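Please keep the sequence and the model in view while reading.

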Amino acid sequence: MVNEHLTPEKVASYLPFSGLQPDIPGRIINVTHQIPYNIIRKKNTSLDYPPLVATPNNDDDNNNGTGTKDVNDDESGAPISKVSRRHHRQHTLRAKFHVNDWTVVQRRGHTALYSGLQSLNKDYETIHIGWTGPIKDDMRTNKKSSTEAVSATDKLALRQLLWDTGKIVPIFLESQSRGHYEGYCKEVLWPLFHYVVWSTATDGRAEKRNWADYKAVNQQFAQTIIDHYRPGDIIWIHDYHLLLVPEMVRKAIPDATIGVFFHATFPSSEIFRCLTTRNEILQGILGANLIGFQTFAYTRHFISSSTRVLGCESTLTGVNFNGEVVSAGTFPIGIDVERVYTYCKQPQVQPKISSIREMYQNRRIIIGRDKLDATKGIIQKLHAFEKFLHDYPEWRNKVVLIQVTTPTHGDHGKLESKISETVSHINGMYGSLEFTPIHYFHQDIDRDEYYALLSVADVGLITSVRDGMNTTSFEYIICQHETSQGPLILSEFTGTAGSLSAALLVNPWDYAGVAKAINDALVMSPEEKQTRHEQLYKHVTSHTAAFWAHSFVTQLVSTSEKQSLQPQSAQELNLQETSGAYNRAQKRLLLFDYDGTLAPIVSVPSDAKPSTAMLEALQKLCNDPKNQVWVISGRDQETLDNWLGDVKNLGLSAEHGCYIKQTGDSWENIVEQVDMSWKEEVSKIFNYYTERTQGSFIEYKKSSITWHYRLADVEYGKFQAKECQNHLENNIVSKLPVEILVGKKNLEVRPIDINKGVVAKRILKDVSDVDFVICAGDDKTDEDMFRFLSAAHLSITMTSGTSVCSPPLTPLPSASSSSSLPPSNNKSPLSPSVVMTSPPLPDTWKHPNPELFCITVGPDNKKTMANRRVKTSHEIVELLKLLSTIV
C-alpha cells in the first residue's frame, strides 16, 4: 500500500541538490574582502565622458587567478612567445566605467569566485559588499593613494556608480586596512592555514596592533551588512579576511541566515591550536548557519578544531555550539568554463601558440605557472625535474620546463634567490649552448600568453605543497580540449586533487615519484590520454563556478529552513499558566528526566537519591487517572527500580531510552539486537584518560559507557574531556554506529539513533490523543525529547493555524522590493530570514489542539528546544507539588 503522506515533492524537498531552486523571499548579500572592481584616479583629465556611463575598454583581462595584470602592449607581457599583442585587440572583455575624475575597472584575479557570485544574478536579487581595495593614482603605475584623500563628494559619486553598475556597496577602509590585510591576514592567518608555523619570535606588539585592526575592519564590514539587511535576506561571507563577521552580525540580527565559505585550506587541529586568537576566530566562524570548505579534509579539520579548542560536540552535519547546530559541508569551487573557452579563442592566442611551437620545435613542453609563494612547491618542482633528467637521460635535450612565477604580496626575496640558484644549477648541469632545460620567467604575463602556454603544453605540472583549490588545473584541462589533450600531473595536496582523479596525482616531496609521473605522462598512449582527458573535462564542465554558487546557496537555504526547530532562548515558566492548562486538560502526558530535574546534580552520582517530598508528589500525579507519568533517565534499571520502583503507575526508561518499563510490566530491552562490540574499544580509550586524569572514573551500563570527571580539577578535567572527545570522534564515531553525548562533566558513548526522543515518540504514539504534555529535563540528552515534541506540535499548529504554548514562531516576511538606490539603515533584528517550507512531520499527535510545555532547567541565556525555563530542579519539584493538588 502506498503511503499517502509520502510524495515525490516531499522527498525532493529534503534533498538540497535535487535541482529545485530554493525559495528566497529576500536578496542574497554577497560579502567579499574586495569588490570585483578597481578604482583609479584619472590624472590631468577633465570630464571626457558623461558620468555614470559605461565606455568600451581595450585593456587586457585576467582569468581565474592567473596572476596576470596590466603590462604594456609590447613583448614585455609575452616573454615566451615574443609575439606582441599591439593593435590586435578588436573588442573589450573587461568593463570600464567613468565618473568625475575616477575610472572603475573590473578587477583581475579571483574570477572563479566573482563568476560564481555573478551567476546568482540570473535567479535572485543580489547585492555585493566589499572593500574598494587600494585606490590607484594612475592606471599604468602601482602608486596608490589613501582613501582619506577621496572627498565625500567623490565617495558619494563612486557609491552611486557602483550601485548602478552591479548593486555593489563599497567600503572605504581607513588606516586599519594595512594592519588587517598585510598584517594579520598575510602574516598570521595565511601562513598558519597553509601549515607554515612562524619561526621568528617577537614581543607581540605588532601582532596585537594587527589583531586590533583585523577586528575593527571586521566590525566595519558587519555594520555595513547590518545597515543593508532586510527581512528575508541571506548573507554569504567569503574567506579568512572576514572570520569575525558572522558572530558580529548574529549578535545584531539573531535570526539572520548566514553562510561562510572558506576558500583557503583549513589546517589540522594541531596546527590551528598554535593560533593565539583561536577561540575568537572559531567563535566568529560559528556565528554562521552553514560553513563551506573546498574539501572534506578541511571540513573535518574545522570540526576537530571546534571540538578540541571550544569543546563543541560534533554532529552528523557539523558541530553543536552553545546549543545550536552549525552545519559544515564540502563545496568544491569550479571555474567559468565559457569565459575560459572565450579567452582561448581570442585572435592573439593562436599566433602565440604557433610561435612557441616553432621556438621549441621537436621538444616536449612541460608547463608550470605558480605564484611566488613557498606553498606553491616551486622548489620541489625544480628538484623533481632535476631528478627526472637524472633518472631518464633519454629525455635530455628533448624536454623543456617552462616555469612562470608571478610576483605576490610579501617579502619573498630569499625564495626567489633560491629558485634562481636552483634553475641555474640544473641548467648548468644538464644544459648546453644549444639547449636549456628550464626556461624560468619571474614576471607577470598577459592573458593571451598565459592561455597560449596552457594550450601548447604537452604536460601540465602542479606541485603545490598546500593549496586551497588551484583553478589553474581546471583551466589547463579546458585549454587542452582541442589541442594535444596532454596529461595533468597534480599534487595530492591541492584542493582539486580530490575531484580530478584522472590526473596523475603525486607527492611533491617525493622527487623520484614526480620524476616517474613526468616520464609516464610523456610516454602515455594517445588512447589513455584521451580517456583521462575526457574524464577530467566532464568534471570541469559540469562542476562550474555557477554550480558551486547555486549548490552552496541551496544548502544554506535548506539549513536555514530548519531554524524554527533550532534551539532558542525559552521564556520563564509561569506556574499560573501551566496549572490552568493542566486543570483544563482531559488527558495528560508527563515526562521527566531524573538527574538535574527531579533531583539536583551532585558530585557523587550515587548520592542523588529522591527526596520524600518529590516521591509523594509523583505518586499523587500517578494516581490521577487522567495522567500518564514517565521518568526517562540515563540511570540504569537497577538504580531506577531501587529509587522509583515503589511509585505505582509510573513508567520508567533507563539508559537514555535503551530500556523501557511500562506500568506493571518488566523491563524491555530496546537494543537487544544492537551490536555492542564497540564497548571494548571505547573502554580502552576511557581507561587511558582515567589513568591520566585524577578524580575521573568510568560508569559501565548495559548499553553505554560514561566517563565522569566531576571530581577532577576543573580546568584540567575540561581539557582532558576535549582531548578524549576528539580521540573518540576520530577513532570510534567515524567508524562505528555510536554517538557521543557531552553531558555535565561527563562523556557518554551510546548506540546511534537510541535516545530519549525515540522513547518520547514511542510513548506519544500509544497516547496520541493527549491534549496536555509536560516534558522536563536539564541537559543535552533531554533536547532530543524537546526536539521531537516541538516538531510534532509544530506539525499540528501549522495544519490547524494555532500556536498555543508552542515554541514561538515569527511571522513570515514578505518579498522585498527592488530599489534603484543603495538601501540604508533598513534593519529588523528579530525577523526571520527564510520561509519555513520543510514538509510537516508524520501525524504522530492526533489531538487537534494540544498544549505543550517543554521545560528546561538552566540559566536565562541557555539555548534549548524547550519553550519554558526554570533555574533549578527545586522549581520542578515545586511544580509537581502544585499540580498534585489539582483534582
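A502 is located in the loop that connects strand 20 (488-491) with strand 21 (504-506); helices (H or I, at least four residues) and strands (E, at least two) are DSSP runs, numbered from the N terminus. The model is a predicted one, in which local features need pLDDT of at least 70 and side-chain atom pairs count only at pLDDT 80 or more, while totals for chains, interfaces and linings use all residues. Residues are numbered from 1 along each chain as its sequence is written, and side-chain values use heavy atoms, with hydrogens and water left out.

With a relative accessible area of 7%, A502 is buried, a class that means under 20% relative accessible area, with exposed over 50% and partly exposed in between (1.4 Å probe, protein chains only). Leaving aside residues up to four places away in sequence, A502 touches R532, Q535 and L536, where contact means heavy atoms within 4.5 Å. The C-alpha atom of A502 is separated by 7.5 Å from that of H533, 31 residues apart along the chain.

V105 belongs to strand 5 (residues 102-106) and is buried at a relative accessible area of 4%. Between the C-alpha atoms of V105 and I40, 65 residues apart along the chain, the separation is 7.8 Å.

The backbone also deserves attention. Most residues other than glycine have a negative phi. Q485, in the loop between helix 15 (472-480) and strand 20, has a positive phi near 50° and is buried, with a relative accessible area of 19%. E655, in the loop between strand 26 (650-654) and strand 27 (659-661), likewise has a positive phi of about 50°; its relative accessibility is 1%, so E655 counts as buried.

On the scale of the chain, there are 26 helices and 36 strands, and 57% of the 887 residues count as buried. Helix 2 (residues 111-119) is mostly covered, with 8 of its 9 residues buried. The cover over these buried residues includes strand 1 (28-34), strand 6 (126-131), strand 10 (234-238), helix 10 (337-344) and helix 18 (545-560).

How do helix 12 (residues 378-391) and helix 13 (residues 413-430) pack, and at what angle? The angle is about 10° and the axes are 10 Å apart; axes are lines fitted to C-alpha atoms, for helices over the stretch in contact, and angles run from 0 to 180 degrees between N-to-C directions. Helix 12 is therefore roughly parallel to helix 13, since angles under 35 degrees count as roughly parallel, over 145 as roughly antiparallel, 65 to 115 as roughly perpendicular and the rest as oblique. Among the residues making the contact are L382 and L389 of helix 12 and I419 and I426 of helix 13.

The count comes to 8 cavities of 30 Å³ or more. A cavity is a set of points on a 1 Å grid over the protein atoms alone where a 1.4 Å probe fits but cannot get out, and lining residues have an atom within 4 Å of a point. The largest cavity holds about 310 Å³ of space, a volume being the space filled by probe spheres set on the points, which are joined across faces, edges and corners. Of its 22 lining residues, D595, H656, R710, N746 and D779 are the closest to the centre of the largest cavity. Strand 30 (705-708), strand 31 (738-743) and strand 32 (746-751) each supply at least two residues of this lining.

Key: 1 Å grid on protein atoms, 1.4 Å probe; cavity = no way out; pocket = protein on both sides within 12 Å on 5 of 7 lines; lining within 4 Å.
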